[in-house]
Each structure stands twice: as C-alpha cells, then as structure tokens.
Amino acid sequence: MNPNLRDFLRAVRETGPGNYVEVTQPLDPYLEVSIIQHKLAAEGRNPVIYCPEIKGSSLPLVTNMFGSFDLLAWGLGCDPHAMTRVEIYDVLRGKLARREDPVWVAEEKAPVKERKLVGEAVDLDVLPIIHNSRLDAGKYVSAGFTIARWPDTGVPNAGIYRHMVMGRNRLGCMINPGNDGAYIARRCAELGKPMEIALVVGHHSAVLQASLGKGVVEFDLMGGYLGEPLEVVKGETVDLPVPAEAEIVIEGTIDPTVMATDGPYAEYLGYYGVGDKPCYVIDVTAITMRRDAIYHHLDSAHVEHNLAPAMSAEMSLYDRLRAQFPTLKAVNVMGWLGTYVSLRQRVPGEGKQAGLVAVATDNYAKTAVVVDDDVDIYSEREVTWAINTRMVADEDLLVMPGVKGAHLDPVSYNEARTGRGPMTTHLVIDATRPVEKEFEKKIEPDPDLWRKIDLEAYLKP
Ligand SMILES: Cc1cc2nc3c(=O)[nH]c(=O)nc-3n(C[C@H](O)[C@H](O)[C@H](O)COP(=O)(O)O)c2cc1C
Ligand SMILES: [Mn+2]
C-alpha cells in the first residue's frame, strides 16, 4: 500500500506541535481558513493545519502542507533537524533519479473508490471548497493535480492547476499556455477530441511534490519519490489511471475548443492578477472518494504556494552553482522571485558571476543577492545587513533588462507589447566584501560564553 495523506499527517503530527495544529471550531469556507493560516504565519508559525469542520460540508480539510522547508523535508522522509540541507538534497537527488512505472491494483484495494457520485449524483458542494481571499472570483480547488493523457502516445501527464467552481458539476481549469496540460488541450482540439481529466485532491506530500516535475512522466517520478510504484486504478467515467490511495478524485471532460475566463484569484506573488484569465471548462462526470475523505486545500496567497516546488528548484540551483563555484555554501530560494546565495569568494568578481548564473538559471530568480559565507542567508535581517554594509551600489549592481521572466510578475513588460512574454529585468546584488584587501571584522559573540551561558538561568522567570 502506497504512503498516503494520512501517513503524512501522522508523521508530521508525531514531530511535535511546531509542524501540526488542529482547529477546534467550525470554520466558514468563506475566508476563515485563510485567516487562520495567515495569523499563524504572522507569528512565524507554518504548521500543517487540520480543520475537522468546514460549515456546509461533512468532510474535514487540511491546508498548509507546503508551509515550510521543514514540511517539504518531512514529506520526503527527511528529518530537517537531524539533516543538513545538503544531506536532504542528496536524498532528493536519489528520488529524482528514480523512475517507477505505476502498477494497477484491484478496485477493492483502492480506498478512493469507497464512495462514488456518478452522473446526476455529482455535486461539488459535497466538498469543503474554499473561497480563499477576499477578491477571488469564487471558490477554487487549489491543491489538486490534474491527470490527462497525451493524445498521440497515451502517456498520462499531471500538473497542478487552479479550478474555479462554476456550478454543481462544472469547474474551470486554468492552464498556462506553456504547460504540458495546455499542449494536450490544443492537440485534443486539433484532433477534434474531448480531453478527459482526473483531478486528484489529497495524497502524500511526496506524490504532490513529484506532480510538479518538469520534463518527466510525473507518474513515474511519483514512484521515484515514494520509493515504490504508484498504485493506480481505472477512472470511473474516464479512461485514465488514478491513484488508488488518493482522498478524492474528480473526473470529467473538457471541450478544448471552448474557453471561459476565471479570476481574479489571489496568486503566488501576492497579487490578484490583472483581468480575467482564459480557462478551460470541466464537465464533471464523477467524484470518487474515501468514506472518510480529507479535502486538501492550499492557500495560494500564502508562502506555501511558492514553496511547493522550491525544494527541487533550490537543489538544482545549488548543484549548478556548486559545479562552477566549489566554495559555494548555500542557496535559499525563498519565493517571490528572490534568491540568496552565499559563498567564500576566492577571486574578485566570483560573487557577481555566481549571481549571474543564478538569475540566468531560474525564471523565478529575478533578483539574486550574493553574500559571503559568514552571512546566514536564512535570515532576512543578516542579508539586509550585508547589502547595506558590503555593497557599493555603483559597482555591485548588475542590471539585465529584457530577460525571460516569471509568469504573473506584475511589472513584466513584454506581455502587453508583443503578446509574448513575460519579460523582466534581472538584478544581481553583489553584497560580498572585497577579496583583495583586508576587510573590517564582523562582531560575533564569544563562542565559548555563547555555549556556556544558559539564558533561562540568568533571567527572572
Ligand atoms: C500551488 C500551485 C498552483 C499552481 N497553479 C497553476 C495554475 O493555475 N495553472 C498552471 O498552468 N500552472 C499552475 N501551477 C504550476 C504547474 O503546476 C507546474 O508548472 C506544473 O509542472 C505543470 O505541469 P505540466 O507542464 O505537466 O502541465 C501551479 C503550481 C503550484 C505549486
Ligand atoms: Mn508534464
């Protein structure tokens, strides 16, 4: 039996209250889940949040599964307190290199088939779908991955897309034109075929992290991440394999020649986006689920959206930089288009070069700040200190206009002019001290005393 959402929740609960909290009150699906998530974040807390009761539905809900790097690590079976990031990358590298064909299991072995709503019985209102942010156009299924077959080869694809609720049995499906899902839709349209889909809501964190793989067959990568083949079962009304251990599967068909619009929707960069977005429309033909299914929500206005793909993004940037800069210490891909790099600079200009590689490698690194290895790049405060005490602005800023940028960057400037894009200006901030001459000494507390003095013993309780 594959590890599932329940196994993940149990594992993080056992790591202590820092990683898992349970809500005690019923919550309204309008905004309240997001408020809880954001109030916790405002206190620096980013646990998985389990909500046993969402008004109007009998299903419990879980959110913030990707709220922190620790949670991503736990999802890969790594203890982030016992392992360094580089050790966690080693585990992830092994998972990324592994491919496992999925295996079919009998329907009796597939908990996702315990409850079935088919045809007329389909009713999305059964699910605790959330209206997340004030100006969102409505309720969105935000954390599911959508399976569809490549029409020419029959190979299944998966990706996470947002789905606005458009009726009892209707969902939007907003796929960016450059994603595989959109290529599949356009090819189906050329062939005059409907596009069958299955939207999977609720599975182990490893399966979801693998669903964001690029240039791979996601099902095979899910097997790699799990360390065993993904167990699948036939869809009820669509000719697609669906994960047997999922919580909920929403099946349906898209007429790829018909576009609707969705939005506004609170997006990953902290904005609602300008104007409506073209989207496909899913006619829902079935919902299957566990008898006691848990609904998985993701707050796209929270840092968890940025972090969901961040572990593998950070690892691949680390590997690429490390190959060229052996004195690289760490990389922090913290979302919102920013990346921090620390290294021990050996020759002048090496920091700038590392910054250039960072912004050239990753669309999501619009700005790279490069600091020395004595700066903690997981502390915004230390990075700001380094910028203000080590950067000479007229020498240390590299500005590169007209570079391919990230989707939904609100100041990208090419989309409107040419219809292609987005294009942006990349920036490297070299906040390293000069290598060729002695630099002022950084003040650090005495290391022996630091270890020796136990604060609690010195303060009035
Ligand atoms: C939380 C989250 C929400 C996302 N929402 C969308 C979306 O609405 N539309 C989209 O095209 N991509 C979205 N993405 C990005 C895609 O899931 C990602 O690029 C994926 O690899 C695409 O898969 P595909 O190329 O196989 O279609 C989202 C990613 C995350 C982590
Ligand atoms: Mn794909």
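Let us start at the loop between β1 (20–22) and α2 (32–42), where L31 lies. This is a predicted model. In it, L31 is not a glycine, and yet its phi is positive, near 70°.

L408 is our next residue. Its place is in the loop between β21 (397–404) and α13 (415–418). L408, again not a glycine, has a positive phi of about 75°. L408 counts as partly exposed because it has 17 C-beta neighbours inside 10 Å. For context, most residues other than glycine have a negative phi, and most peptide bonds are trans.

G263 and P264 are joined by a cis peptide bond, with omega about 0°. Where is P264 placed? P264 is in the loop between β15 (260–262) and β16.

The largest nonpolar core holds 127 residues, and the members that touch the most others are I248 and L321. Strand β16, residues 277–289, gives the most to this core, namely eight residues. Why does the core lie between domain 1 and domain 2? Domain 1 (5–306) and domain 2 (309–430) both contribute residues, so the core is situated between them. In soluble globular proteins, nonpolar side chains tend to be buried together.

Finally, consider I248 in more detail. Leaving aside residues up to four places away in sequence, I248 touches L127, V201, G202, I287, M289, A293 and Y295.

Terms used:
Residues are numbered from 1 along each chain as its sequence is written. Chains are lettered from A and ligands numbered from 1 in the order in which they are written. This is a predicted model: local features need pLDDT of at least 70, side-chain atom pairs count only at pLDDT 80 or more; totals for chains, interfaces and linings use all residues. A nonpolar core is a set of buried Ala, Val, Leu, Ile, Met, Phe, Trp, Tyr and Cys residues joined through C-beta atoms within 7 Å. A residue is buried if 20 or more other C-beta atoms lie within 10 Å of its own, exposed if 12 or fewer, and partly exposed in between; C-beta atoms are placed from the backbone. Helices (H or I, at least four residues) and strands (E, at least two) are DSSP runs, numbered from the N terminus. Domain bounds come from an automatic or database domain assignment. Two residues are in contact if their C-beta atoms, placed from the backbone, lie within 7 Å.
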